[in-house]
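Open the model in your viewer and get ready to select. We will go stop by stop.

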Amino acid sequence: MQPPFPAPDAITVKNLRKTYTVREGGSWRGKTREIVALDGISFSVPKGQIAGFIGPNGAGKSTAIKILSGILRPTSGEVQVNGLVPWTNRVAHVARIGVVFGQRTQLWWDLSVGEGLALLRDIYSVEPERFARNRARLADALDLGGIMDQSVRQLSLGQRMRAEIAASLIHDPDILILDEPTIGLDAPSKLAVRAFVHELCQDRGTTVLLTTHDMHDIEALAERVIVIGHGRILADSPFEDLRMTTLSERILELDFHGTPPELALPAGAVETARAPHSLTITFDPRQIPAPALVAHVGHLSGLDDLRISRPSIDEIITRFYADHAA
Amino acid sequence: MTQPPARTLSALGLYRRMAGASIVAQLRYPGTFAIQAIGNFVTTLLGFFGIWSLFRRFGSIAGWDIGTVAVLYGLVNVAFAVAETLGRGFEVFGGEYVRTGSFDRLLLRPRSTLLLLLGHELRLRPIGRFLQGAFVLIAGLWLAPHVQWSAVLVLPLAIAGGAAMFLGVLIGQAALCFITVEGLEVVNVLTYGGVEAGQYPLTMFGRWLRRFITFVLPLAAVCYYPALFSLNHPDPLGVPTWIGALSPLAGFAFLGVMVLIWHRAVAGYVSSGS
């Protein structure tokens, strides 16, 4: 089923709404109540972009992911993924996307990684030569050489996640949906997954939709974040913009070898903590640029060291959720 | 260089591949498998000894000889063993797919959900029940006085119809899991209960139960009537014997209805998300 014109974006969502009907009290005769999971969201993701899709638990993220994956039918609204409406032809749609659910395996516990990939080749009808090429490329990029013959049951979480990502890409999908791809992984595995996704997007132009609670995934990968809360889109911008509008402040830490002196600070800077040998100053770079503040404190006697830092992405997102009561 | 044309592996081809993979997985621990298969053989055989000792004591019961009852017993057990072998994915659907959310994973594969669940496992363990049922069936044919030559054609049809019916029950049970995963043991009344009931001639049951296993669950159609036809045994309730040559088709019709119900249930799941 071809749309009348090729959609320029990989993913287009318009006024997407999903309500669930729940029975109150759990009895058969109880009153029903409507819960709004998605309250008319719209966004689009151009081809080849990595978009972060974040929000607190219960915000509607997984509902949106399920609709985009074609396994849930919305109440109303329009969606096109690769030019197809996901829920009207599930089989054609899912043949062209790859999905990694961090918490659920798509491989077979009792089979080896290699056997599982071969079974996926047949499920997705990948031609033998293309399969051999993809398998070699993915084994190389995700370092699967040593685990191809191991059964999935025996893999560590990090190894399994790398195998899962390979499994989701064996059929060359145009769109990859990653749901918590780094959950529970150790630091080297997280870095390996991030590096791989970044390359995938650069080299192959794969469009990636990434949901995660690990804000470092977002910082490392996403060119843009879509923040969802209470079923609505609260923000949709590059992460730097979110930082500037939410928590633009920076922190200047000063270490002294004696007791820190009393300071007269310029407008936009306040002393926020004092310790026997250190002082913490929080400042807004739009009022007082960092070089000016450093020049102001640089001549202080007894000053040993100074550091400027930004609030962590976790702090920013926590503040953002709090500001929006999400 | 020309790109080879995209070739879709047929449903049957894919099923063979999935079944092959599941056999590889099951035989990874051959000792466990052997013990389970032998256990399956012995427990089902013990069940038949109960019936056998009754007939040994009384000769025949209510006009039914041991040969006829052995044919009934063999038919229903062989049919159920085939359904258990094919339908494992439906049997474990509630616990392994719905409760864990893995059904979503299944929906992400570009294939029919029925095919994927059939491919969940080609279960080898029921081979014990199958062999034991086949053994009793052949013994029954040897003991029964008036075996028809056409039994050669009708009994395989009856086994296929019976397997289709039991597979239908398993698919129906899986469809029910979308509504509740609690208390589905009730469905065992139809599977294990069906196997029990199928072992006895229809006349042994009360009117209500007779109607149920004739018109709701077509157990009599895949077991009792084809057995009467094959053994040229008149029906005490007066149904013409030739019915048994065609009645196994009811098992396929039952499966067809359950497949329709399954598709409705999946469509309901996709629109409600629960």
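Start with helix α1 of chain A, residues 61-69. Eight of its nine residues are buried, so this helix is largely enclosed by the rest of the structure. Buried means 20 or more other C-beta atoms within 10 Å of the residue's own; exposed means 12 or fewer, partly exposed is in between, and C-beta atoms are placed from the backbone. Among the buried ones are A:Ile65, A:Ile67 and A:Leu68. Helices here are DSSP runs (H or I, at least four residues), strands are E runs of at least two, and both are numbered from the N terminus.

A word on the model: it is predicted, local features need pLDDT of at least 70, side-chain atom pairs count only at pLDDT 80 or more, and totals for chains, interfaces and linings use all residues. Residues are numbered from 1 along each chain as its sequence is written, while chains are lettered from A and ligands numbered from 1 in the order written.

Most residues other than glycine have a negative phi. Now select A:His230, where phi is positive, near 50°. A:His230 sits in the loop between β8 (224-229) and β9 (232-237) of chain A. It counts as partly exposed, because it has 17 C-beta neighbours inside 10 Å.

Which residue of chain B has a positive phi of about 50° although it is not a glycine? Select B:Asn232. B:Asn232 lies in the loop between α13 (224-231) and α14 (243-246) of chain B. With 14 C-beta neighbours inside 10 Å, B:Asn232 is partly exposed.
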